[in-house]
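Here is a walk through one model, side chain by side chain. Keep the structure open next to the text and click along.

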Amino acid sequence: MKLDADIRAILDLHGKLSRPAAQVDRTVDLFSTGLDSQAVVNVMLAIEERFDFEFPEDKLNRETFASIEAIASVVQASLQSVWPSPKP
């Protein structure tokens, strides 16, 4: 998945994880791998820049950044609300 790959690359640059993001299952708690509040802010800003959107205010919480899967879900939903799929 391209989205997961982009998120993993951002986590490698900004997440302060104890191991490469490629070695982290998408459901693993990122906070248990070294992600902290300062890193969350850096990851959030990098994701917003990469995908050209802003995280909704109600998604600025620990749950959103708990795993690669959780981040991807919020990013995907946000992008779809900005750029909805064309109707057949």
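## Starting from Asp-4

Setting aside residues up to four places away in sequence, Asp-4 touches Arg-26, Ile-68 and Ala-72. Bear in mind that this is a predicted model. Asp-4 itself belongs to helix H1, which covers residues 2-14. Is Asp-4 buried or exposed? With a relative accessibility of 8%, Asp-4 counts as buried, the cut-off for that being under 20%. The contact with Arg-26 is also a polar one: the two side chains come together at 2.7 Å.

## Along helix H1

Back to the helix that holds Asp-4. H1 has 13 residues and spans 18 Å from its first C-alpha to its last, close to the 18 Å expected at 1.5 Å a residue. Which residues of H1 are buried? They are Leu-3, Asp-4, Asp-6, Ile-7, Arg-8, Ile-10 and Leu-11.

Although Asp-6 is charged, it counts as buried, at 11% relative accessibility. As a rule, an α-helix has 3.6 residues a turn, so residues three or four places apart point the same way. Lys-2 counts as exposed, with 56% relative accessibility.

Asp-6 also forms a salt bridge with Arg-50, at 2.9 Å from N to O. Here Asp-6 is in helix H1 and Arg-50 in helix H2, so the pair ties together parts that are 44 residues apart in sequence. Arg-50 is partly exposed, at 42% relative accessibility. Put together, Lys-2, Asp-6 and Arg-50 are linked in a network of salt bridges.

In total the structure holds four salt bridges. Here are three pairs described above, for quick reference:

| Salt bridge | N to O distance |
|---|---|
| Asp-6 and Arg-50 | 2.9 Å |

## Arginines over rings

Arg-50 turns up again here. Its charged end sits over the ring of Phe-51, 4.8 Å from the ring centre. There is another case at Arg-62, which lies over the face of Phe-31 at 3.8 Å from the ring centre.

## The phenylalanine cluster

How many aromatic pairs does the structure hold? There are two. In one of them, the rings of Phe-53 and Phe-55 have their centres 5.1 Å apart and their planes at 50 degrees, so the pair is tilted. Phe-53 and Phe-55 are both buried. Phe-55 also pairs with Phe-65: those ring centres are 5.2 Å apart and the planes are at 50 degrees, so this pair is tilted as well. Phe-55 and Phe-65 are ten residues apart, and both are in the loop between helix H2 (37-51) and helix H3 (68-82).

Phe-55 has a relative accessible area of 5% and is buried, and Phe-65 counts as buried at 3% relative accessibility. The ring pairs link Phe-53, Phe-55 and Phe-65 into a cluster.

## Thr-64, a buried loop residue

Finish at Thr-64, in the loop between H2 and H3. Thr-64 is buried, with a relative accessible area of 4%. Where does its side chain reach? It goes to the backbone oxygen of Lys-59, at 2.6 Å. If you ignore its neighbours within four places in sequence, Thr-64 is in contact with Phe-55, Lys-59, Ala-70, Ile-71 and Val-74. That list takes you back to the ring cluster, as Phe-55 is one of its members.

Technical notes
Residues numbered from 1 in each chain as written. Predicted model: local features only at pLDDT ≥ 70, side-chain atom pairs only at ≥ 80, totals over all residues. Heavy atoms only, no water. Phe/Tyr/Trp six-rings, centres within 6.5 Å; stacked < 30°, edge-to-face > 60°. Buried < 20%, exposed > 50% of the residue type's maximum accessible area, 1.4 Å probe, protein only. Helix = DSSP H or I, 4+ residues; strand = E, 2+ residues; numbered from the N terminus. Lys NZ or Arg CZ within 6 Å of the ring centre and 35° of its normal. Polar contact = N/O pair within 3.5 Å; in protein donor to acceptor, adjacent residues only side chain to side chain. Contact = heavy atoms within 4.5 Å. Expected span 1.5 Å × (residues − 1). Salt bridge = Lys/Arg side-chain N within 4 Å of Asp/Glu carboxyl O.
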